[in-house]
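Subject: Structure handover

Hi,

Here is the structure for you to look over. Please open it alongside this note.

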Amino acid sequence: MTNAILVFNSGSSSVKFSVFGIGENSLDVIIKGQIDGIGTGHTKFIGKDADNNKVAEEEITHLKEFSLLFAHLLEWIESHDSGAKIVAAGHRVVHGGKEFSKPVLITPEIIEQLEGLTPLAPLHQPYNVEPIKVIEQLYPHLPQVACFDTAFHRTQDKLSETYPIARELTEEGIIRYGFHGLSYEYIANLLPYIAPQKAKGRTVIGHLGNGASMCAMKDCKSVATTMGFTALEGVMMGTRCGTIDPGIILYLLEVKKMSVAEVSHALYYDSGLKGVSGIGNDMRDLTESDDPHAKEAVDLFAYRIARELGSLTQAIEGLDTLIFTAGIGERSPEIREAVCSRSSWMGVDLDDEANNNNELFITTPESPIAVAVIPTNEELMIAIHVGEVVDIEGYHLSKDAIFAEIGK
Ligand code: ADP
């Protein structure tokens, strides 16, 4: 029987999982799936095999509580005849605060520490910790590892982390933590096997999904990033505003008399592509639409990314490689074209055909700045961390060997 690592990426409305079988030179997905629409009344579970074929589909109406839903999911994973024995689990945890700069083996003390970080990410952290607690209860002997979205950015220097606010607030922990670290880390590990010389240089990665951020790296280490104290700052997102004048928030509270909960909802769920277009947050719908508000939303999205690119380029004093990743970054030639054409002044010479074909490099060979499209894989990054942190019998894989294989 193959030993396997179970990986979770849990949010407030969805739980995604993947089971990775431990192979000779690789970690390979055996089964994966997700529960979507938690708390909406339309909760649905879908399970898929390694070839992405649907092997299970279920509307879940009888379970409302997150912990019960999660236990139900675990039951399915256990009962599913995948020919694998789960020997460890890994979790994406949004916030590791200042304390955690690398993945950590879960203990009761660590769970307490993670819960203590909830005020820094009240909308995400509880949903990351809950699955850890459910597994701890149901499978007390299964080793679990927490992998943090903030950890990759702990290489930022003090200047990049500091907001120009009162020193006491900074010392209290109001600093730029940055997020999407597991995605950036995956690409930082892979880049040396795709483009060894470029990897040593100055790189900006645009992780453009429903949540979106950008990261500037030197020698594959995070130097600056667009998300900050929370995952609201930076580029415009699917439903989040990104950077806005903080005075707008005061205006909403003081003049429009909105409650804190209403303002929070407006900034997290009713802004970004959805707010500007008035249509929705799915980039596919917006690029296909004739509605002028959809076009405005798409234009603003690309404009804000290009502006942040300028700022990050300054932070690393030049740019050798720009990388697009995540849902929009990997699949939208329109957005990549819009960002790249705004950046032609700095030396981006797009190859339209390569861009339209989603090729690995989408600039001309002469382009002073290379632009690449690299699919991210946060789940695999978590599984690799689990293999490193947990002493799994018979586990001989090295991170380098795994990335060398992917980079081939
Ligand atoms: P997240 O992990 O943040 O939920 P993803 O990285 O999966 O998000 O990206 C989701 C987004 O990617 C969707 O909102 C959609 O707008 C966009 N997307 C997916 N496929 C395409 C496509 N073919 N063209 C343009 N955008 C796409």
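This is a predicted model: local features need pLDDT of at least 70, side-chain atom pairs count only at pLDDT 80 or more; totals for chains, interfaces and linings use all residues.

**Ligand site**

The shell around the ligand is made of G209, N210, G211, N281, D282, M283, R284, A326, G327, I328, R331 and S332. By type, that gives three nonpolar, six polar and three charged residues.

A backbone atom of G327 lies 2.9 Å from a ligand oxygen. For a polar backbone atom of G211 the distance to a ligand oxygen is 3.2 Å. D282 uses a polar side-chain atom instead, 3.3 Å from an oxygen of the ligand. On its own the ligand exposes 580 Å², and the protein buries 72% of that. Two or more shell residues come from each of α11 (283–288) and α13 (326–331). The most come from α13, with four residues.

**Salt bridges**

The count is 13 salt bridges. Side chains of opposite charge can pair when their charged atoms come close.

D320 and R202 form one of them, at 3.1 Å from N to O. D320 sits in the loop between α12 (292–315) and β12 (321–325), and R202 sits in strand β9 (residues 202–208), so this pair ties together parts 118 residues apart in sequence. D320 is partly exposed at 23% relative accessibility. R202 is also partly exposed, at 27%.

D270 and K274 form another, with their closest N and O atoms 2.9 Å apart. D270 is partly exposed, with 39% relative accessibility. K274 is partly exposed too, at 33%.

R331, listed above in the ligand shell, pairs with E330 at 4.0 Å from N to O. Which of the two is buried and which is exposed? R331 is exposed, because its relative accessible area is 59% and the cut-off is over 50%. E330 is buried, because its 14% falls under 20%.

**Surface patch**

L250, L253 and V260 make a nonpolar surface patch of about 270 Å². V260 belongs to helix α9 (residues 260–269). This valine, V260, is exposed, with 64% relative accessible area.

Best wishes

Methods
Residues are numbered from 1 along each chain as its sequence is written. Side-chain values use heavy atoms; hydrogens and water are left out. Patches are made of residues with over 30% relative accessible area and no salt bridge: like charges are joined within 9 Å, nonpolar side chains (Val, Leu, Ile, Met, Phe, Trp, Tyr) within 5 Å. Accessible areas come from the Shrake-Rupley method with a 1.4 Å probe; for residues, only the protein chains shown count as cover. A salt bridge is a side-chain nitrogen of Lys or Arg within 4 Å of a carboxyl oxygen of Asp or Glu. Buried means under 20% relative accessible area, exposed over 50%, partly exposed in between (1.4 Å probe, protein chains only). A residue is near a molecule or strand if one of its heavy atoms lies within 4 Å of it. A polar contact is a pair of N or O atoms within 3.5 Å; within protein, one must be able to donate a hydrogen and the other to accept it, and residues adjacent in sequence count only if both atoms are side-chain atoms. Ala, Val, Leu, Ile, Met, Phe, Trp, Tyr, Cys and Pro count as nonpolar, Asp, Glu, Lys and Arg as charged, and the others, Gly among them, as polar.
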